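Please look over the sequence and the structure shown here.

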Number of protein chains: 2
Amino acid sequence: MKLPRSIQQLITQFERLPGVGPKSAQRLTFYLLHVPESEIQKFADSLVAMKKNTKVCSRCHNVGEEDPCEICSDSTRDKSLLCIVEQPLDVLAIERSGKYDGLYHVLHGAISPLNNIGPDQLFLHDIVKRVHNIDEVILATNPTMEGEATAMYIQQLLAEGHPDVAITRIGHGLPIGADIEYADGITIARAMEGRRKM
Amino acid sequence: MKLPRSIQQLITQFERLPGVGPKSAQRLTFYLLHVPESEIQKFADSLVAMKKNTKVCSRCHNVGEEDPCEICSDSTRDKSLLCIVEQPLDVLAIERSGKYDGLYHVLHGAISPLNNIGPDQLFLHDIVKRVHNIDEVILATNPTMEGEATAMYIQQLLAEGHPDVAITRIGHGLPIGADIEYADGITIARAMEGRRKM
């Protein structure tokens with residue numbers, strides 16, 4: 001027995017999503033078979049609406065409903081600070097911390113030669129232009145190979161264009177609530193390097 | 001910063017799917033932000049089409065594109081065998097084994113008082129009528145509390161209506177490729193009970 005074509009097609013669509021394997025795609029599809037048609041229509045509408053109603057901010061490249069985005073057009077934020085992140089979700093995570101009220105710049109990725117992502121595939125080249133009147137650039141790319149390489153690349157880019165601006169890297173070390181016993185060597189090495197006077 | 005409304009709505013839709021938590025829902029939504037609009041439209045269309053183009057077979061209650069379904073209308077299948085399963089995915093799994101060529105009956109669930117699912121919420125009552133001219137009914141509900149209770153219920157139902165039909169339960173024991181060392185006690189107990197002469 002083969003699966004009905006329309007079921008097979010939906011399974012294929014789910015399989016394309018990151019982290020969804022063939023089994024999960026099957027499970028999700030058969031789950032939706034039992035969901036009323038109106039709910040399915042709502043789901044389909046949300047998908048299309050999300051794409052239609054969101055814009056990428058022409059200044060910081062964060063996603064939002066307006067251009068310029070909520071953060072870029074907020075006059076109360078500190079315009080002398082610029083935090084560079086890989087993804088829109090990183091902006092959300094940093095905002096949740098409540099510890100930052102400057103501007104952002106979203107790269108939409110990190111330099112990754114293995115995946116054919118070079119500086120030209122990212123929102124990287126307009127950083128130099130944005131750094132006028134900025135005192136500090138915080139590099140908050142991920143502590144991964146790709147994120148570190150991207151941070152290094154931006155540091156060199158800015159060192160040429162703006163030798164006066166302070167460039168910092170977000171702090172690395174043990175996450176709060178962690179057990180030193182279970183931490184990996186690189187994290188402990190970074191935590192030692194980043195130790196501070198009490 | 002709050003998330004744009006249309007993004008938040010899609011996250012909420014993903015969160016409703018089984019096994020998708022808030023973090024995965026966020027990740028899936030932001031992944032789709034980078035997918036071209038035409039692909040998103042295809043995904044949305046597949047969702048609606050799946051619901052529109054599938055029918056529940058009026059005989060066996062399996063899902064398919066026709067009513068009666070492919071299996072029920074296949075004249076080469078053994079019409080003296082009836083295998084009762086919980087879900088359409090179970091039909092698919094049994095068909096993949098290549099070891100069964102009888103008919104099916106899909107309950108669309110199992111008796112589960114905790115979730116307010118009784119016999120009336122399942123395709124259960126028409127089984128008695130279907131069992132005319134059938135020699136053997138194989139109960140292939142899951143080896144869970146709910147599946148066992150459902151199998152027991154069906155056995156009593158059939159024992160009253162059709163005392164002549166053979167009622168069997170699908171075999172339980174160690175799955176092929178498993179390690180006895182890691183098997184749980186109940187599985188080993190069932191494997192012992194179900195031992196066969198070599």
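To compare copies, they are superposed by least squares on the C-alpha atoms of residues with pLDDT of at least 70 in both. In this predicted model, a rotation of 180 degrees with 0.0 Å of shift along its axis places chain A on chain B, with an RMSD of 0.0 Å. That is the relation of a two-fold axis. A:Ala44 is the residue of chain A that comes closest to the rotation axis, its C-alpha lying at 2.2 Å. Of the interface residues of chain A, 100% are also interface residues in chain B, so the copies meet through the same surface.

The largest nonpolar core has 42 residues. Such a core is a set of buried Ala, Val, Leu, Ile, Met, Phe, Trp, Tyr and Cys residues joined through side-chain atoms within 4.5 Å; buried means under 20% relative accessible area, exposed over 50%, and partly exposed in between, with a 1.4 Å probe and protein chains only. A:Phe14, A:Leu32, B:Phe14 and B:Leu32 touch the most other members. At least two residues of this core come from each of α1 (5–15), α2 (22–33) and α3 (37–53) in chain A and in chain B. Helices are DSSP runs (H or I, at least four residues), numbered from the N terminus.

Leaving out residues up to four places away in sequence, B:Phe14 touches A:Leu17 and A:Phe43, among others; contact means heavy atoms within 4.5 Å.

A:Lys23 is in helix α2 of chain A and is exposed, with a relative accessible area of 61%.

Residues are numbered from 1 along each chain as its sequence is written, and chains are lettered from A in the order in which they are written. Local features need pLDDT of at least 70, side-chain atom pairs count only at pLDDT 80 or more, and totals for chains, interfaces and linings use all residues, while side-chain values use heavy atoms, with hydrogens and water left out.
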